Amino acid sequence: MGSASPVSRRRNPATSLNPVLKVGDQIAEVIRLHRGQDKDAAKSEAVQMLDAAMIPEPSKRADQYPHELSGGMKERVMIAMELAGQPSFIIADEPTKGLDAITKEEIIKLIRDMTADRSMLMITHDLNAAGEACDRIAVMYAGELLEVAPAQTILSDPSHPYTQGFIRSLPSHGLHPITGSSPSLIEPPTGCRFHPRCHRAKDICKREHPPMISLGKTASVRCFLFT
Ligand code: SF4
């Protein structure tokens, strides 16, 4: 007997779906391997998973190959496949990358609905997608955490100068880019890794590495402005 997988990592549907296997069979394979169901039961559940992933005509789609589906449908198939193993924790790596605005909205809603009863870590450059799909956001820069807070706090009242600059650079906030470029991770800047690009940098920022500072029970920030 197989067992439910504790962790599932979301992958790129363009490269992860097997092009020579029907999508229903690919989902059924996950159900058989992880949960030990027989072939017929697994196939029937695969159709149910496609239905839950809001794919129209799920029985018909289960018998199709990946190239017969749109990009948005392939995303849905991947989500159904990840959840077929009943993981308790999901890592969603850039789930909205390359999608048009409408498909992106649909996929975020689907991820939110289908992961309501389990934990998920989403890795993304899309701050708005993170805000819609996640309860909390952790902002990273040059390989380290700079700010952690409830999603709505990050989006509406960020504390760290990098997070503030990131939000100002979004199209919805006027497309004002952060000056300078990302640092080398081989030789990161001394002190605060963001200091060469920070308009609020002080002398100490160049010399010392700022610690993570608590801003109450739900948020923390790595910046000398809060010491
Ligand atoms: S520690 Fe200094 S350089 Fe770094 S973000 Fe805060 S103010 Fe800017």
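**Entry 1: the chain as a whole**

I began with burial and noted that, of the 227 residues of the protein chain, 35% count as buried; I keep in mind throughout that this is a predicted model. I then looked up the extent of the chain, whose C-alpha atoms fill a box of roughly 65 × 35 × 30 Å along the principal axes. For the secondary structure I found 10 helices and 7 strands. Turning to contacts between residues at least 6 apart in sequence, I noted that 53% of them join residues at least 24 apart.

**Entry 2: domains**

I looked up the domain assignment, which gives domain 1 as 7-130 and domain 2 as 136-226. The centres of the two domains, taken over C-alpha atoms, are separated by 33 Å.

I traced an open sheet of 4 strands, in the order 4-5-7-6 and with antiparallel pairing. Strand 4 and strand 6 (212-214) stand at its edges, and because each has a single partner strand, one side of each is left without a neighbour in the sheet. From one strand to the next, I noted a twist that averages 25°.

I then went through the pairings, starting with strand 4 and strand 5, which run antiparallel and are joined by 6 bridges; here Arg136 stands opposite Pro150 in strand 5. These two strands form a hairpin with 2 residues between them, and in the turn I noted Ala142, which has a positive phi of about 50°. Strand 5 also runs antiparallel to strand 7 (residues 220-222), to which 2 bridges join it, and in this pairing I found Val148 opposite Ser220.

Which residues of strand 4 lie on its covered face, and which on its uncovered one? I found Ile137, Val139 and Tyr141 on the covered face, whereas Arg136, Ala138 and Met140 belong to the uncovered one.

**Entry 3: helix 9**

I next checked helix 9 (residues 161-168), in which Pro161, Tyr162, Thr163 and Phe166 are buried. Looking for what covers these buried residues, I found that the cover includes helix 7 (127-133) and helix 8 (151-156), together with strand 4 (136-141) and strand 5 (144-150).

**Entry 4: the ligand**

How many residues surround the ligand, and which are the closest? I recorded 13 residues around it, the closest being Cys192, His195, Cys198, Cys205 and Cys223. By residue class, the shell divides into 10 nonpolar, 1 polar and 2 charged residues.

Note on methods: Residues are numbered from 1 along each chain as its sequence is written. This is a predicted model: local features need pLDDT of at least 70, side-chain atom pairs count only at pLDDT 80 or more; totals for chains, interfaces and linings use all residues. A residue is near a molecule or strand if its C-beta atom, placed from the backbone, lies within 6 Å of it. Ala, Val, Leu, Ile, Met, Phe, Trp, Tyr, Cys and Pro count as nonpolar, Asp, Glu, Lys and Arg as charged, and the others, Gly among them, as polar. A residue is buried if 20 or more other C-beta atoms lie within 10 Å of its own, exposed if 12 or fewer, and partly exposed in between; C-beta atoms are placed from the backbone. Two residues are in contact if their C-beta atoms, placed from the backbone, lie within 7 Å. Two strands pair if DSSP finds at least two bridges between them. Domain bounds come from an automatic or database domain assignment. Axes are lines fitted to C-alpha atoms, for helices over the stretch in contact, and angles run from 0 to 180 degrees between N-to-C directions.
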